[in-house]
Each structure stands twice: as C-alpha cells, then as structure tokens.
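Subject: Structure handover

Hello,

Here is the structure for you to look through. Please open it first, then read my notes below.

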Amino acid sequence: MSQQLPGAPEGEAENSASTGLLEFEEQTEVGELYLKALMRRQGRLSLGVALVFIGFLLVQPMLAWWWPGWGALRIFGIPVSWLVLGVASYPLLIWLGSIYVRRAEEVDDEFTDLLS
Amino acid sequence: MTSSTAAVLGLVAMAVVSLGAGLFARRWARTTSDFMVAARAVPPRVNAAAISGEYLSAASFLGIAGLVMQFGYDVLWYPVCYAGGYLLLLLFIAGPLRRFGAYTIPDFAEGRFDSPRFRRLAVILVLIIGFFYALPQMKAAGLTVQTASGLPYGVGIGIVAVVVVAGVVGGGMRGITFVQSLQFAVKLFAISVPAFLLLIHFSGTGVPFARGAGGLERLTTTTRFQVTPGELWQIPGNTEAHVAHPTSFGWQKQKTAASTGAPSAGFEGGTSPTVTVNHSHDHLRRLEGAGQLPRGAITWRSTDTVTIVRGQPAPFGSETPASTTASWIAPFGPLAGGTGHPLLFTYSLILAILLGTIGLPHILVRFYTNPDAKASRRTALLVLVLLGSFYIWPPVLGALGRSYDPSLYGTNLTDAVVLILPSQLGAGWLGQILSAVVAAGAFAAFSSTLSGLLVSLGGALGHDVYGRWLRPSAGPTARRRAFQLSALGAGLAAAALGLLVEQFDISVLVGWAFAIAASSFFPLLVLGIWWRRLTTLGASVGVALGGGIATCSIITTMVATVSSPLAAFLAQHSSLAVILAQPAIVTVPLAFGCMVGISLLRPTPPAGVSAKMVQLHAPELLGLRREYIPD
C-alpha cells in the first residue's frame, strides 16, 4: 500500500496528504519517529490498564496464602473473598475498559490532528 | 434425570427459533463478504451481543455452575478470567487487528510475516483448538437433551449437529450474527431469572455460607442411587442406607486427608477418580435391607439401587472429591488444594484462561465484522458489560446446588445442576416454566458457540486449505461452496468425536483449548502487533513449541486417566502432574522466551515491517487502509 508508483492512480490517502502524512506514507525516518511515538503512547496505556487488572487478580491468591483469615472474612454472611472475586471483578473490568477506550480514542485523534 | 415435558418444549422452541432465524437471514447472505464478515453492516450493539452470544458456551452456561458446586471458591477464577480475557483483547488486539484487516489468525500470521509456511502452522493450530473447543459443546448437547427428555446421549448430539450445521451452511456469518445476538438474550435471561427466583425461594443470600464450619451437606430429598460394581463413593459421615438386595461393598478408612476430605483432588475439573482403592486392603462389608455406610471410601461390588433418606449425609461420586462446606468455601479448597501445590495451580489456571481468550480462533473473526478500529474497541467494551452481567450468576446456581440438591454429587450429574435445580421449585407452573427456560438457555449456549466454531473451522478449511493450497484459482462461488462444505464436514466430525467424550467434564476440555491457545496464539498476536523486531523464525518456533508442548502435556494427562502406571508415576511427582494438567504457567513464558530470544539472536525482521506497523497502528482517518475481504 505504500509502494505506489509515480503516476499510478491516486488513492484517497494522497488526496488528503499533508507533509506529516507523506512522511508517514513513505516511511521516512521522520515517519518512523511519528509511528514509534504513537505505538509507545498506545502501548503504555494498554499495559498500564492491563497491569491494574492483572495485579488485582494475582494479589488474591497471595492474600489467601499469607493470611488464612482472608477466606473466613464475611459480610452479611457471605465471604468477602467470594464477593471480591466473583462480583467486584466485573464492575472493575467495565470501568477499566471504558477508561481505556476513551483514552485510546483521544490518542488516536491527537495523532490524526498532528499529521493532517 | 427428570423427564420434563416443559424442558423438552423449551429445547424444541429454541431449536426452531434458531433454525428459523438462520434460514430467514439467508435471504441477505449472497456474497462471500456476506458469508464471512456479514458485509460489515452489523451495528456495534448487535455485534457485541453476537460476540457475547458466541463466547458464552456450554462451559459458561452449564460448566461453571457445575464446577462451583463441586469445588467452590477456586472455580470463581474461571468466570472472572473468561471475562478478564476480553479486557486484554480490548487492550492489545481489538483495534490494531481490525486495522490490519486480518480476518483470522492465519491471515495475521501470513500478513505480518509474509510466510505461507507459517500460515499452514497457524491453520493446523486453529483446527486443533477449534476441535478441542467443539467437543465439550457436543457433550453439553448430549447431556442437555438427555437430562430434559431421557433420550440417549448420541441423539442429542445428532439433533444439535443438524440444527447448527443447517444454520451455518444456510446463513453464513450474517445469518448467525442475527441468531447469536438473539441467543445471548436467551442465555442471560435463562441464567439470571432462575438464579434470582431460586435465591428468593430459598430465602436469603447467605446460603450455603450459613452452614457451620465442618458441616456436611445433607440430602434434601430421599434419593435412589443406581450403583454398579466397581463404582466408587466417598462417604463424608456415617450414612444410613437401604438396599433392594443383599449387597456388598469394600470399605477403606479415610487417610490423613480426612479432615479436608480431599485425598488427591485431580486435574482441572477433577475428572480423574480421586480415590485410589487398593482392593486387597478393603474391608468387605455386607448390607441386607438397611445398614450403615461407614465414613470413608467405598467400592460397590454389585449392581443395586441404594436408597438414602432425606437428612442423611450426601455421598460423593467418583467425580467430586468429598469436601466439607468449610473447605469448599475457603480458597485453595478441593480443586487447587487437592493438587498439593495450590498457588502454582491457581496461577497457572489464571494465566491459561486470561490469556487463552485472545487466541481462540472463533473470537477474532467477529472483530473483523466491525467497520473500523474505533467501532472494534467500542464493541469489545460493550462485550465486557454483557459478559459481566452474565458471569455473576452461574456461581450463584452452583452454590445453591450444593445446599439444595447435593444428591447430584452421588449421581455425578453436577454438570447438569443448572438444568435440574429449577425443578426444586416444585412441580408447579413456575418450576415447569423455569425448566423450559434453562433448557432453552443451554441449547442457545452450545449451539451459538458451535456455530461460531463451525464458521472458523469452515473458514480455515474452505478459505485456507481449499482456496489457497488446493485451488488458488477458485472463483467466489466455488469458495463459498467450499466454505459451506467444510462447515458441514467439520460439524459432522465434531459430532462424531463428541460421542467419545461423554466421560470427560465439560470444563476440562474447554480449559485445555484455552491452555493451548494461550501458549501459541496469544504470544504471536501480542508480540506480532507490538514488537516490530519479531522475526518469522522466532514466531514460528515459539508457536510450534508453545502450542506443541501444551498439546502434548494435555494428552499425557488424558492418557493418565486410563493408564494406571502413568497415573502412579504422576501421583509421586505431584508438581509435574500439576504442570502437565495445567501447562500454561510453563508453556506461555516458554513461547514468549523462544520468540524474543530467537528474534534477538538472529535479527532478520520480515521485509516491509514498518509498513505493517503503520497499518496496525495508524488511525483510519489517515486513509491508509486496505481490506482483506472486500465489501
């Protein structure tokens, strides 16, 4: 897609091309830098959100291992360990997911603005 | 095993609706694009419901509740990680993969690395994982029809195979999108409403947590158990039993593990018999009319009907290790605790399920039906909402099952607890309606997942094996025909294999499919998308080693259930047994290590990797896009 010959029919990309976009299309060093910056921002965002959830999961077996009282803790007769894992996980997932979607769209939009 | 007309009606209604909707949608499915990606005309909400509908398989609808009933707390990792896997998919895969325009994992493998050979490797793994995942769905089909109607196991599989194959072959992706979104609604309704009503009926949320520590589950109804020679029971406390004929059994006192009641709780899902009985040390006992079953492990020596009256301790069959309610509630109970290495087991289980979701072959296809990466991410977020609202419920039904129908432990029917529990509401209309609803939900569960798998397997066979290797010159009509024939063939093969897995636990096979996916496709996708230096050699070796070793260790575990020398060897090396049964904790890092190590040692990244990174990560508005399957 990036190897269009000179004189070949122009695609949509060329119509809206600006300098930034051209750099990007032709994979110049500057275009590479743009791309690396974008990937770094998106990657860091994804990794950060993922680590929050994975940490939430991985800490629970440790908690049960080092503190046997964890399994015995109750609220309204229901073990807290069941509520944290079996109920609270889902709102947490949805919350993390919505934060991510909003931030990822912002990053994409900023990048698009920068280039065009 | 209640024969309930209402349940049969529920099944038939769901089958007719699924088939009818699929065939109705057929009028839209004309082009290959319609068949494969539903022409991208599916709105995100419908698409999200269809993805959830496809993802919530029999393992989610029936299996989780059954496993919670068997093993308690440790099983909660399953639903949470099934849903959590979707978060990872949203974070790392959904957007870039949609932009890349890869329709399947093999498409990605070839597109990213320009290697048709690597594509073949990926196709083989898609077929392995797809079939592993199809088998438990077939088992669920047989079990559901059997529980509802009393028809033999094989008949259920046959009926479901016909309905599902007809839907896929007739309507393709566009047809099943419509059906699957409908099926999600049915499943959510069928799991939440009965759970909610049963909670009210049994008055109070503290159940069975209200039991005193060390309490035994007692039968809620007088139950007749059919026993056969060689059948193993664990008796958690001295139990009065009545027998029809003079009957004998061998008895072994429980060993040191008596307090937790879990001698050697086996592998994920616990299919392996958990009590090893040395017949020479059995104390032979005889029952005439009535008598006492002493606490410990017993082996029946004759065929008989054993009646145990209400209020006596519930016996445990060979599939569930006997456990006190306290150990069932606590972390590291009979499932993880029984392995001897609870932390290792738990972490490996979390890894397999969390990471395996991304590598399941039928999941990614769906994201390609989105028009762009933004819609793809939003769809994934909606899926998280839908999955979360579903997964809260199955553990509730499992926990209620422990208190209100513990006879299922003795009959080894815990997998059917979702289907059977509503009849506890009595023979009135409410119990009847709920039985019909859960039967319809179960049908929706296995048929929607099977549909998705058949589209993937049909795609891999028709699109890849036929359209690329055998006849690359085939036109669109021939390709569509090939897709339909492949889906038909895959459906028949899965049904035939499904007949063989009756004795395996639903969630065991599913867990294995996840472990293989986590050790092969997960590292491939994550590194392939986010690390530009990944080389073709590194990726191929990683996928082959990770997927291959995971498959081999799982097959070893399967063989151990029928080979006693191997089982004895594994019993002596319990950490090895844990790793073989749940290999993800070793094979996932191994696959990552291979990919990174080989790529760094022999740095020959595929040509044009920058262009591919642009395609994966550049926002669509820049207009740098190319479709794999044109509209």
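**A glycine at the contact**

B:Gly388 sits in helix H12 (residues 373-391) of chain B. Helices (H or I, at least four residues) and strands (E, at least two) are DSSP runs, numbered from the N terminus. This is a predicted model: local features need pLDDT of at least 70, side-chain atom pairs count only at pLDDT 80 or more, and totals for chains, interfaces and linings use all residues. Residues are numbered from 1 along each chain as its sequence is written, while chains are lettered from A and ligands numbered from 1 in the order in which they are written.

Is B:Gly388 buried or exposed? B:Gly388 counts as buried, because it has 21 C-beta neighbours inside 10 Å. The cut-offs are these: a residue is buried if 20 or more other C-beta atoms lie within 10 Å of its own, exposed if 12 or fewer, and partly exposed in between, with C-beta atoms placed from the backbone.

Which residues does B:Gly388 touch? Leaving out residues up to four places away in sequence, they are A:Tyr90, A:Leu93, A:Ile94 and B:Ala83. Touching, or contact, requires that the C-beta atoms of two residues, placed from the backbone, lie within 7 Å. B:Ala290 is 98 residues from B:Gly388 in sequence, and their C-alpha atoms are 49 Å apart in space.

**The two chains**

Now the contact as a whole. Chain A puts in 50 residues and chain B 45 residues. On the side of chain A that touches chain B, at least two residues come from each of helix H1 (12-15), helix H2 (19-25), helix H3 (29-66), strand S2 (78-79) and helix H4 (80-115) of chain A. H4(A) gives the largest share, 20 residues. By type, this side of chain A has 30 nonpolar, 15 polar and five charged residues. Here Ala, Val, Leu, Ile, Met, Phe, Trp, Tyr, Cys and Pro count as nonpolar, Asp, Glu, Lys and Arg as charged, and the others, Gly among them, as polar.

Next, each chain by itself:

- Chain A has four helices and two strands. Their order from the N terminus is α-α-α-β-β-α.
- Chain A has 116 residues, and 28% of them count as buried. Take its contacts between residues at least 6 apart in sequence: 59% join residues at least 24 apart.
- Chain B has 23 helices and eight strands.
- Chain B has 631 residues, and 62% of them count as buried. For its contacts between residues at least 6 apart in sequence, 86% join residues at least 24 apart.

**The core**

The largest nonpolar core holds 224 residues. Such a core is a set of buried Ala, Val, Leu, Ile, Met, Phe, Trp, Tyr and Cys residues joined through C-beta atoms within 7 Å. B:Leu384 and B:Ala442 touch the most other members. Helix H16 (residues 429-470) of chain B contributes the most to this core, 19 residues. At least three core residues come from each of domain 1 (5-202 + 344-618) and domain 2 (223-313) of chain B. Those domain bounds come from an automatic or database domain assignment.

What does B:Ala442 touch? Beyond residues up to four places away in sequence, its partners are B:Ala58, B:Phe61, B:Leu62, B:Ala140, B:Thr144 and B:Leu419.

B:Phe446 lies in helix H16 of chain B. B:Phe446 is buried because 29 other C-beta atoms lie within 10 Å. B:Ala134 is 312 residues from B:Phe446 along the chain, yet their C-alpha atoms are separated by 8.9 Å.

In helix H21 (residues 574-581) of chain B, the buried residues include B:Ala577, B:Val578 and B:Ile579. The buried residues of H21(B) pack against helix H10 (342-359), helix H19 (536-560), helix H20 (564-572) and helix H22 (584-601) of chain B.

Last, look at B:Asp114, in the loop between helix H6 (105-113) and helix H7 (116-149) of chain B. Its phi is near 50°, a positive value in a residue other than glycine. Most residues other than glycine have a negative phi. B:Asp114 is partly exposed, because 15 other C-beta atoms lie within 10 Å.

Best wishes
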